[in-house]
Every structure is written in structure tokens, then in C-alpha cells.
Amino acid sequence: MKAMVLRAPRNLGVAEVERPKPDRNQVLVRVTHSGICGTDLKIFEGAIPVRHPLIMGHEMIGEVVEGDGGSIHIGDRVIVDPAIFCGMCFNCRAGQTNLCPNGALLGRDANGGFADYLVAPRSHVFPLPDTIDSQSAPLIQVVTTCLHAHRLVNIFPGQSVVVVGLGVTGQVHAQLAKAWGAHPVIGITRSAWKRSLAQSLGADLTLPSGVEGVRGVMEATGGRGADLVIESSSIVSAISDSISMARLGGTLILFGVSAATQATLPFYQLYFKELKIVNTRAAKGEDFPASIDLVARGVLKLKPLVTHVIPLPDLERAIGMLVTDEDRRMKIIMENQ
């Protein structure tokens, strides 16, 4: 089969490799579409150490061609949960499979979806209804991570929610908050284009980043600050602004992944406001059926978040777009032809 093989940092190309064979509890999936994530960029650049050669890609859908069983049948169109866990450790037995210390991520620790075929545990594939189009479907993996974060807090109708950073995950967070009945839902970003997109998808108000954004949130919430602030940009200064936007006794979700080891933050505000700080990592298998349902019923709109569909052999060019085309780029989908 053909695959996009990363042989060393920044050494990526098409190669002919042996097609994987599924074990007894695995399925073979013919990959049709896969999404690019910032993790792929970090692996490509060498910022995340991996074993080479590697086939990247952890947001993928396709068709089951071998290894059916139970509720999974040959010919089913499925999405793959890339987070593998052992099922035996303390965290797994506590229901925290996303924190399994023995776990792995397809596309980082094992070969992933930027190829013609992929093997995955049968327990990690979920059927997709015909109402979800294939170019949008890889985004459901992103939705699961956002839904997992929301399940760690309680969002009630009428609560004010601020989403800082309106990339793909920020746009999903805003839509989820609206679905739970939050009001107002406020989006924060420096990009006028992303603010416009968020409003078209249901955000009640959008504001630019920085001092103007903090001031606008305070005005929109009657001077109290927001009940919940979701930091989805991974920018350290945005974390500081998020603390300032939260009300006394409010909640802050640190969703964005930052590699910073030092930061200047308003630590006294953390004490004075008695903020509940929630950190979130990845998702669980249980988040997939719920996310699929939300998309299938039209509660979440993913198609507007797909700005580019590119043939898989052009993967290196597409990865470069994560750096060069940030302002008018959302999700890039790789298509197997």
C-alpha cells in the first residue's frame, strides 16, 4: 500500500509499505479522509520525539475491509478512536482511560491514518451515519476532546461562557456551549474572519483579544465576569486574560496545550476569585457516540470549519499551511484518491 512515511524530522514522502494485517480483535480500515492537527506539525518538526519511520495521522475515517465482528461489519464507514489504552492499570480501572500511562496514540506511537490502510482495535471504531459527510467526519475526533472537557464541568442554561481562541476547537466549544443553553456565548480572537465565522455559527458576541476583549466581557456580563472561561488558544497571555475575564467563584478550563515552562500570570486573582481550574486531556471512547450524535442531528456544524481538502500525497505542503496560512485556514482534510 501507499503511505506518507516520516523517516526523520522534516523528511516526509510517499512510500510503498506492507499492508498491515489485523489481529483477532482488530479491524482493517481503508482510510478515505484524515485531518491534520497541530500535533502532526510538532511530530513533523521533531518537537515531539517519535520512533522513525512513522506514519502520522490520528484523525481518520474510512471503510472496514477486514476483521468485522459484533456490531462492526465489512463495508461500514467508521471513525477511529486513536487513543489506545491497556485496560488494566489504576487509571483505566478508575475510568480514566485517557490518562493510561501505558497508552499510545495512533499516528504518534504507532502508525496512523496518513496511508491507504490502518489497523485499529475493533473497540475503537464507531460507525458513521450517512447524514455525516466524509470530508467533515474526521473533525468528530476533535469534537470528542471538546466534549470531554465540557463533561468535566456543569454548564447550565443562562450561564455566561467565554471562549478564548477561535480556531477549530474554539469554534466547537462555542457551538457546544450554545447547545447547552449558555448565554451569552462570547468568542475572543484577534482574527476578524474567525470572529465572523463564530457569529455565523451562533456565538452571541465576539471580541478582539487583549484589553479590549477583557473590557468587553465585563460589560457583557454586567461587570461580574463570565461563569465559565474556556482557554483554547494555548497562548500564555491569553491564559492571563482568561483569569481576568472570569467572575468571582467562576470556572476556567485550560484546554489549549502550551509548552511554556514559565509565565507571568495574575496569581493573586486566582486566590481572590477562588476560581475552579479544570485541565483536560484527550478524550474517552464514550465521547465518540455522543459526538457523532450531536453532529448527525445538526447540533454541531462541522462543514464550515473545513477550509481545505487536499490530496494525501501533498501532505507536506498541507502541514506547512498550519504555519503560513493561519488567518484564513481552519481544518485541513487529506483525501485518499
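These legends go with close-up views of a predicted model. Because the model is predicted, local features need pLDDT of at least 70 and side-chain atom pairs count only at pLDDT 80 or more, while totals for chains, interfaces and linings use all residues. Numbering runs from 1 along each chain as its sequence is written, and side-chain values use heavy atoms, with hydrogens and water left out.

**View 1. Helices α6 and α7 pack against each other.** Helix α6 covers residues 211-220 and helix α7 covers 236-245; helices here are DSSP runs of H or I with at least four residues, strands are runs of E with at least two, and both are numbered from the N terminus. The packing angle is about 20° and the axes sit 9 Å apart. Those axes are lines fitted to C-alpha atoms, for helices over the stretch in contact, with angles running from 0 to 180 degrees between N-to-C directions. So α6 and α7 count as roughly parallel (angles under 35 degrees). The crossing of α6 past α7 is right-handed, that is, the near helix is turned clockwise from the far one by less than a right angle. On the α6 side the contact uses Gly213, Val214, Val217 and Met218, and on the α7 side Asp241, Ser244 and Met245 (contact is heavy atoms within 4.5 Å). Sorted by type, that makes four nonpolar residues, two polar and one charged. For the sorting, Ala, Val, Leu, Ile, Met, Phe, Trp, Tyr, Cys and Pro are nonpolar, Asp, Glu, Lys and Arg are charged, and the others, Gly among them, are polar.

**View 2. The largest nonpolar core has 44 residues.** A core of this kind is a set of buried Ala, Val, Leu, Ile, Met, Phe, Trp, Tyr and Cys residues joined through side-chain atoms within 4.5 Å; buried is under 20% relative accessible area, exposed is over 50%, and partly exposed is in between (1.4 Å probe, protein chains only). Ile79, Ile140, Val161, Ile253 and Leu305 touch the most other members. Elements giving two or more residues include α3 (139-151), β10 (161-164) and α9 (287-296). The largest share, seven residues, comes from α3. Another core, of 28 residues, lies apart from this one and has Ile36, Ile43, Leu54 and Leu322 among its members.

**View 3. Ile79 and the residues it touches.** Skipping residues up to four places away in sequence, the partners of Ile79 include Met60, Ile61, Phe126, Leu128, Ile140, Phe288 and Ile292. His124 and Gln141 are also among them.

**View 4. His73 sits in the loop between β4 (59-66) and β5 (77-80).** His73 is partly exposed, at 42% relative accessible area. Leaving out residues up to four places away in sequence, His73 touches Val64 and Asp68. Glu219 is 146 residues from His73 in sequence and 54 Å away in space, C-alpha to C-alpha.

**View 5. Two backbone spots with cis peptide bonds.** From His52 to Pro53 the bond is cis, with omega near 0°, and Pro53 lies in the loop between α1 (38-45) and β4. From His183 to Pro184 the bond is also cis, with omega near -10°; Pro184 is in the loop between α4 and β11 (185-188).

**View 6. Positive phi at Glu274 and Ala282.** Most residues other than glycine have a negative phi. Glu274 has a phi of about 50°, in the loop between α8 (267-273) and β15 (276-279), and is exposed at 65% relative accessible area. Ala282 has phi near 60°, lies in the loop between β15 and α9, and is partly exposed at 37%.

Definitions and conventions: Angles under 35 degrees count as roughly parallel, over 145 as roughly antiparallel, 65 to 115 as roughly perpendicular and the rest as oblique.
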